[in-house]
Every structure is written in structure tokens, then in C-alpha cells.
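Please take a first walk through this structure.

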Amino acid sequence: MFDKLLAPIGAIALTACATGSAQTATGGQPLTAAEWAEGCEPWDEWDKPAPPFKIHGDTYYVGTCGIAAILVADRRGHFLIDSGTEAGAEIVLANIRSLGFDPKDIRFISHSHEHYDHVGGFAVLAEETGAQIVASPIAKEVLESGVLNEADPQFGMHDPMKPVTVARIIEDREQLDIGWKTFTAIGTPGHSPGALSWQWKSCEEKDCLSIVYADSLSPVSRDDFLFSDPPGYVAAYRTSLLRIAHAECDMLLTPHPSASQMLKRAASGSLKGWLSCKDYAARVSERLDQRMLQESAR
Ligand SMILES: [Zn+2]
């Protein structure tokens with residue numbers, strides 16, 4: 001797997017002045033996307049450790065093989081999107097440290113969709129980082145209670161999560177300013193009612209890309225849930241897909257890496273290209289259409 005490449009997970013960050021460094025804790029360069037792809041499988045396990053890699057510029061992948069966590073880092077403070085599961089959060093923290101960054105320099109943490117595979121580790125992260133948690137209005141309720149919203153297609157399917165306090169609510173099209181960069185929250189209800197996607201710019205020298213971390217948007221539910229049932233649910237879902245299709249998007253990332261062929265794209269050397277936000281939205285729309293047909297045939 002990663003034996004030859006793995007920087008020791010849990011290694012201590014070098015010194016205080018290294019917290020803005022793009023060098024790993026062992027002084028090397030972070031893995032490339034292609035090196036990372038060698039150690040993971042498509043649709044890999046949620047808690048399978050993977051070393052971090054540099055996506056582009058100041059944007060790093062710090063998640064596991066199966067669940068993404070995205071760190072945008074600079075000596076002026078970091079923004080982290082998603083934690084993975086409770087166990088996965090420990091891997092995320094170790095990955096951040098192994099990049100030479102200090103988790104205590106994370107200023108804000110936010111989410112994709114409010115299910116335990118992506119936010120189940122928020123309590124672990126909140127304790128370790130002191131960062132402010134930023135959430136959509138519905139995700140705020142879920143994070144603060146630990147229980148899914150009743151309108152969630154997966155309501156009743158998951159164990160409760162450890163509650164955390166949300167410091168700030170963010171809505172569709174609102175900007176999160178972390179002092180040196182702004183991130184646009186895109187409201188994308190569908191897979192869950194409080195789901196967010198995120199867009200920001202990341203530059204590597206003169207190569208500036210608009211990155212979109214687009215939510216899963218897959219129509220997955222418990223057996224007795226109908227997407228066509230709650231009034232307005234499908235309309236909001238389709239609006240979410242339009243928002244992703246029309247987002248300024250040079251590079252697509254997703255909370256489940258394989259949902260956007262991230263592994264295959266990473267293996268080619270860069271996550272840029274192959275699958276656009278527009279293509280991704282079109283694929284998910286097809287799945288939603290199929291689901292609607294199935295529901296109307298019930
Ligand atoms: Zn998920």
C-alpha cells in the first residue's frame with residue numbers, strides 16, 4: 001500500500017514556524033495525486049488510512065481512502081471541510097500534522113452533507129482544534145443534536161453522533177472569509193436536506209483554478225422514503241444540481257472520492273479535467289430521474 005511513501009502518521013509538526021509549510025513533518029514534499037492513488041481502491045473503506053496529498057496550490061486532501069476531507073492551508077490560518085467518521089477524524093488530524101500544519105491553526109470547519117461518514121468526527125476535531133464550526137441551518141440542528149433531521153432520506157438509519165456547537169450559520173451563496181481567502185457556500189440539498197457544496201480559487205504560481213467540492217447528491221434513502229413525498233424536495237434537489245452544473249469549476253472534488261472518479265483522475269497525475277461539474281450534475285440527474293420513475297411505479 002503506502003509503505004514506501006507513508007510519512008509517519010501522527011508525526012509531530014516541526015516547529016511553530018513550520019505551521020504554514022507545505023513540507024511534510026519529515027521535511028519531504030507531500031505525495032502527488034498519482035502516488036496517493038496507488039494506495040487506495042475505488043469505493044474504498046471509510047476508515048482506511050491514506051497519507052495526505054497536495055491537490056493544487058494551497059489545497060490538500062487530508063481524508064482517508066474512502067472519505068474526503070479537504071484542507072485549505074496557509075500560515076494565516078486554515079479551513080477544513082469534512083471530518084470523516086469519528087475514527088476517520090484521527091486520521092485527518094494525523095494527516096494535517098504530517099503535512100507540517102498544526103490543527104490548532106484551523107480557524108473554521110464546515111461540511112458537505114450532515115451524515116456521520118462526513119461529519120461524525122466533528123466533535124473530535126472541535127476538541128483538538130478549537131476551530132469554529134460553520135454549518136447550514138439544517139446541518140446546525142443535526143450537528144448540535146447529533147440526530148438527523150426528520151426530512152432526511154436516511155433519517156433513522158444511523159446511530160447518533162456526538163453533538164458539537166455550531167458557531168456560525170451559512171446559507172446558499174454566502175461567503176466564508178477566512179482572512180486571506182473567501183469560500184462560497186453553495187446550498188445543495190438532496191442527498192441530505194442540509195447539504196452544502198463549496199467553491200474557491202486556488203493558485204499554484206500563475207495556475208489559478210476554481211475548485212468545487214460538490215456534494216454527493218445521490219438519491220439514497222431508507223426503504224420507505226419517497227423523494228417525491230415531501231413538498232418541494234425534488235424541486236430543491238434539481239435546483240441543487242443546476243447550481244453545481246453552473247458553478248465556476250475547473251476542478252471537481254467530491255466527499256466520496258469515487259463518486260467523481262477522483263482515484264482514476266488522481267492516477268493520471270491531476271484531478272483537473274476528465275469529469276466536469278456539468279457532467280457530474282448530469283450523471284446525478286439521471287440517477288434522480290430513474291429514482292422518480294421507480295417511485296411513480298410503486
Ligand atoms: Zn456519504
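**From a strand to a helix**

Lys54 counts as partly exposed because it has 18 C-beta neighbours inside 10 Å. The cut-offs are these: 20 or more other C-beta atoms within 10 Å make a residue buried, 12 or fewer make it exposed, and anything in between is partly exposed, with C-beta atoms placed from the backbone. This is a predicted model, where local features need pLDDT of at least 70, side-chain atom pairs count only at pLDDT 80 or more, and totals for chains, interfaces and linings use all residues. Residues are numbered from 1 along each chain as its sequence is written.

Lys54 sits in strand β1, residues 53–56. Strands (E, at least two residues) and helices (H or I, at least four) are DSSP runs, numbered from the N terminus. Strand β1 pairs with β2 (residues 59–61) in the antiparallel sense, over three bridges. Pairing requires at least two DSSP bridges between two strands. Phe53 stands opposite Tyr61 in β2.

Now the whole sheet. It is open and has seven strands, in the order β1-β2-β3-β4-β5-β6-β7, with mixed pairing. At its edges are β1 and β7 (168–169), each pairing on one side only. Helix α5 packs on the sheet and touches β6 and β7.

Turn to helix α4, residues 122–129. Six of its eight residues are buried. They are Phe122, Ala123, Val124, Leu125, Ala126 and Thr129. What covers them includes α2 (86–98), β5 (106–110), α3 (116–119), β6 (132–135) and α5 (137–145). Just after α4, Gly130 takes a positive phi of about 75 degrees.

Methods. Contact = placed C-beta atoms within 7 Å. Axes fitted to C-alpha atoms, helices over the stretch in contact; angles between N-to-C directions.
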